[in-house]
Amino acid sequence: MSTKTETEAVGSAVAPPTAPADMSPRRRPLGDRLKDIGGRWLFLAPALIILVAVLAYPLFYTIQISFAELDLSTFTPAKNVGWLNYRTVLEDPGFLNSLKVTGVYLALALPLQMILGFGIAFLLNAEWRGRGVLRALFLIPMVVVPVVAGGVWKMLLDPMWGFVNYLLGLVGIDPINWLADPTLAMVSLVLIDTWRWTPFVVLIASAGIMSLPGDVFEAAKVDGAGWFATLRKVTLPLLAPVILAAFIVRWLGAVKMFDIALAATKGGPGQATDVVNLYIYEKAFRGLEFGTASSMATLVLAITMLLTFLFLRLNRFLEKRW
Amino acid sequence: MRSLPRATRGTTRRAVLAGGLAATVALSLAACGSGDDGEVTGGGVGTAEKPVSIRMIANDAFARQWQEQMVPEFNKLYPHIKVTIDGVPYGDLLAKEMLELTAPDPTYDIVIADDPWIPQLAKTGGLADLKGDLGKYTKSDYDWDDFNTGPLAAGEWKGKQYGVPLRSNVLLMFYNKTLYSKAGLAAPTPELTWQQYLEQAPKLVRDTNGDGKPDAWAVGTYWTKDPLTPTIWQTILNSNGGQLLDENNKPTFNTPEGVAALQTHIDLLKYAPPGAATYQFNEPLEAFRQGKTATMFMWGSVYKGTAIDPKTTTLKPEEVGIQVMPVGTASAGAHRGMWTGAVAKKSKQAEAAWTLLQWLSSKEGEKWHANTLGVFPARKSTLSSTPEQAWLTPVFKAIADGYVAIDKGKMWRPKLPESDAIQQILATQHSLAVSGQVTAAQALKNAEDEVNKLLKSKGY
């Protein structure tokens with residue numbers, strides 16, 4: 001029996017009597033088709049309602065607020081102000097600075113996490129004793145609450161009591177003011193975030209490495225390819241879509257950076273680590289400027305969507321190319 | 001942190017706003033409803049057959065202590081009022097209260113607010129006027145005039161009394177008598193001036209173990225980017241006769257005195273432990289409690305944990321002195337930081353809620369509070385009474401001196417709904433100056449411009 005026949009047989013076993021298995025959906029009676037569509041939508045409805053309630057409606061309402069002045073006593077838009085909030089936001093040096101700070105943080109943290117993540121994944125996928133324990137240990141940073149991670153690292157980096165400076169002291173290096181210097185504060189933030197999220201990249205990378213086809217590597221070996229040539233000509237091209245997929249997932253996570261910055265530096269010193277989400281939070285919930293905060297959030301959403309779209313297109317290109 | 005019960009009414013636009021921000025910037029907040037100006041519901045104080053329940057949202061720093069010790073004491077008098085207190089971290093408290101008060105059916109009957117929050121919370125229309133809305137439930141012997149004016153004023157806005165002082169707090173100077181003595185210096189007195197303090201400070205930075213490196217320093221206080229950090233600078237400014245804003249809410253801090261005050265705050269770092277530029281609340285406290293710093297400019301309410309409680313401090317009560325901050329050209333320094341209790345206007349148990357606040361802020365309740373938990377009082381009668389515990393005597397003196405300084409120098413944060421936003425601007429510019437990214441003068445110029453812009457946009 002052919003595969004097609006098997007499928008049809010299964011189909012006829014579950015299809016209603018009025019809809020023979022050999023009848024294509026378009027040729028079914030209209031009532032049956034409507035019933036079928038209705039049934040599907042009925043099952044989808046709870047998920048759709050939840051999705052609309054928790055995602056779409058809030059999102060559109062935020063956009064509405066971004067064009068309005070919010071009445072704090074009723075928490076409703078008091079009057080439409082057109083593009084005023086957006087103009088205010090684009091003239092706000094603090095917001096523009098926070099975008100820049102976020103950009104610097106992303107430019108430093110993401111490549112570092114990708115390189116470390118894939119490097120560690122290669123090591124963990126080689127055969128050696130104890131790698132299972134190390135794999136399990138690697139998951140710990142990911143499950144630590146971000147605020148706790150920020151707080152603990154703040155203690156570790158303390159110039160007087162911190163463990164990091166104690167270790168540096170053992171090799172004769174004077175205490176470093178990790179969080180008080182504007183440049184070092186950003187470096188510290190990147191280090192904390194890297195400690196926290198590299199294991200996530202390791203997980204994705206491990207899955208990608210394990211799914212690589214063995215026969216290709218055997219062929220490369222037969223052809224006399226060395227370790228580096230195999231990495232450059234076989235492994236990396238095959239892994240490119242996985243690398244970019246991991247990058248996109250981390251990008252979407254990293255752009256939301258908020259709690260570690262809040263716990264470790266509160267955006268300081270000055271505005272050195274004032275990432276955009278922290279700035280928006282302060283504007284909204286300390287400054288009570290919900291209109292401008294919503295405009296900022298909408299702009300960040302637009303920028304994030306645009307860049308994510310570009311990354312996805314790049315991913316598709318890489319998949320097709322290799 | 002204990003989890004908070006959610007408001008039970010349907011999703012509304014406020015929830016949508018919070019959710020929208022959450023969806024776009026990964027901030028999670030839930031809220032609902034809109035305000036109304038309806039009459040306050042009394043709801044009684046309960047009976048054996050029909051007890052009433054009230055719920056309070058408070059700072060988690062003291063919520064558990066209240067739940068475990070204050071509530072049982074209150075229930076001795078009012079056994080039919082069940083009180084549940086939810087503790088929320090300080091950083092999240094204002095936002096949660098803002099969202100809560102505008103909900104159609106608030107979860108909380110009582111909100112505990114930090115000093116500058118009352119205008120912001122009252123502006124939502126969600127707070128009951130204790131003298132107006134709830135005046136009929138006020139006991140005849142509740143003596144409003146017995147409160148010191150500073151603490152009571154923290155709960156007032158636009159002529160209405162929205163809150164009563166429950167945990168008074170004052171920015172004060174702590175000093176370690178042992179370290180002063182070892183440095184060959186006389187212990188400070190309330191007459192100590194900033195000039196004298198700064199002359200003594202280098203002598204308080206010492207190498208006590210002979211390894212060639214300092215291991216004891218002169219001072220610990222706030223320096224990090226935090227809305228509370230500028231209160232130190234503000235107090236120095238106030239004690240030199242300066243003010244943040246004038247009567248018309250125009251900034252008046254960008255003056256030579258303001259710059260000098262900010263520079264003094266920054267200069268204190270020279271005599272502070274390594275890494276002190278990131279100090280906020282806990283770090284200077286820890287350094288002082290471990291005998292690493294000779295002085296600390298900090299909220300006085302930490303005195304018990306700093307000088308008395310062996311679980312939290314290495315110091316002995318006789319080692320720790322407390323007094324007002326050094327004297328400027330106009331007065332000694334102090335800064336107001338009251339925790340006030342307010343009743344949600346939409347509470348269905350407003351009478352029971354106000355009964356609890358009345359008891360806790362009454363002459364009897366306040367004395368119990370101070371003597372049992374070491375909480376700072378706001379009433380003149382309490383401060384003039386003889387405390388049950390000897391260690392409270394010098395503390396009462398420092399608080400009383402602090403209230404005088406506060407009244408004289410108008411030492412509080414801006415009394416506007418935009419107070420936190422202003423403090424945030426000051427915190428950012430202050431932090432830029434502390435980290436050397438701008439000069440003190442440039443920081444105040446920037447802050448003045450930003451505050452002007454903010455207040456102008458709000459119609460001032």
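Predicted model: local features only at pLDDT ≥ 70, side-chain atom pairs only at ≥ 80, totals over all residues.
I will start with the interface of the two chains. On the chain B side, 54 residues are in contact with 48 residues of chain A. The area buried between chain B and chain A is about 4,300 Å², and carbon and sulfur atoms give 66% of that. There are seven residue pairs in polar contact between the two chains, counting pairs with both residues at pLDDT 80 or more.

Which elements of chain B supply that side? Helices α1, α3, α10, α16 and α17 of chain B each supply at least two residues. The largest share comes from α1(B), with ten residues. By class, the side of chain B that touches chain A divides into 23 nonpolar, 19 polar and twelve charged residues.

Next, the charged pairs. Side chains of opposite charge can pair when their charged atoms come close. Across the interface of chain B and chain A, the rule finds three salt bridges. I will show two pairs that cross between the chains.

In one pair, the side chains of E283(B) and K154(A) meet with an N to O distance of 2.8 Å. Are these two residues buried or exposed? Both E283(B) and K154(A) are buried.

In another pair, D274(A) meets K225(B) in a salt bridge at 3.5 Å, N to O. Here the residues sit in loops: D274(A) between α12 and α13 of chain A, and K225(B) between β8 and α8 of chain B. D274(A) and K225(B) are buried as well.

Over all chains, the salt bridge count comes to 16.

Now to chain B by itself. Chain B is divided into domain 1, residues 11-169 + 338-385, and domain 2, residues 171-335 + 389-460. Taken over C-alpha atoms, the domain centres are separated by 29 Å. In terms of contacts, 31 residues of domain 1 of chain B meet 23 residues of domain 2 of chain B. The two domains bury about 2,100 Å² between them, with 57% of it on carbon and sulfur atoms. Within domain 1 of chain B, the residues that lose the most area to domain 2 are N169(B), F376(B) and L383(B), together 29% of what that side buries.

How many salt bridges cross between the domains of chain B? The rule finds one. There are also nine residue pairs in polar contact across the domain interface, again with both residues at pLDDT 80 or more. The elements α4, α5, β4, α13 and α14 of chain B each supply at least two residues of the domain 1 side. That side has 15 nonpolar, twelve polar and four charged residues.

Two local items remain. K397(B) and D401(B) form a salt bridge, with the closest N and O atoms 2.6 Å apart. The two residues lie four residues apart in helix α15 of chain B, about one turn of the helix. D401(B) counts as partly exposed because its relative accessibility is 25%.

The other item is H430(B), found in helix α16 of chain B. H430(B) has a relative accessible area of 2%, so it is buried. Leaving out residues up to four places away in sequence, H430(B) touches T229(B), P230(B), W233(B), L262(B) and H265(B).

Terms used:
Residues numbered from 1 in each chain as written. Chains lettered and ligands numbered in written order. Heavy atoms only, no water. Buried < 20%, exposed > 50% of the residue type's maximum accessible area, 1.4 Å probe, protein only. Contact = heavy atoms within 4.5 Å. Buried area = accessible area lost by both parts, 1.4 Å probe. Salt bridge = Lys/Arg side-chain N within 4 Å of Asp/Glu carboxyl O. Polar contact = N/O pair within 3.5 Å; in protein donor to acceptor, adjacent residues only side chain to side chain. Nonpolar A, V, L, I, M, F, W, Y, C, P; charged D, E, K, R; others polar. Domains from an automatic or database assignment.
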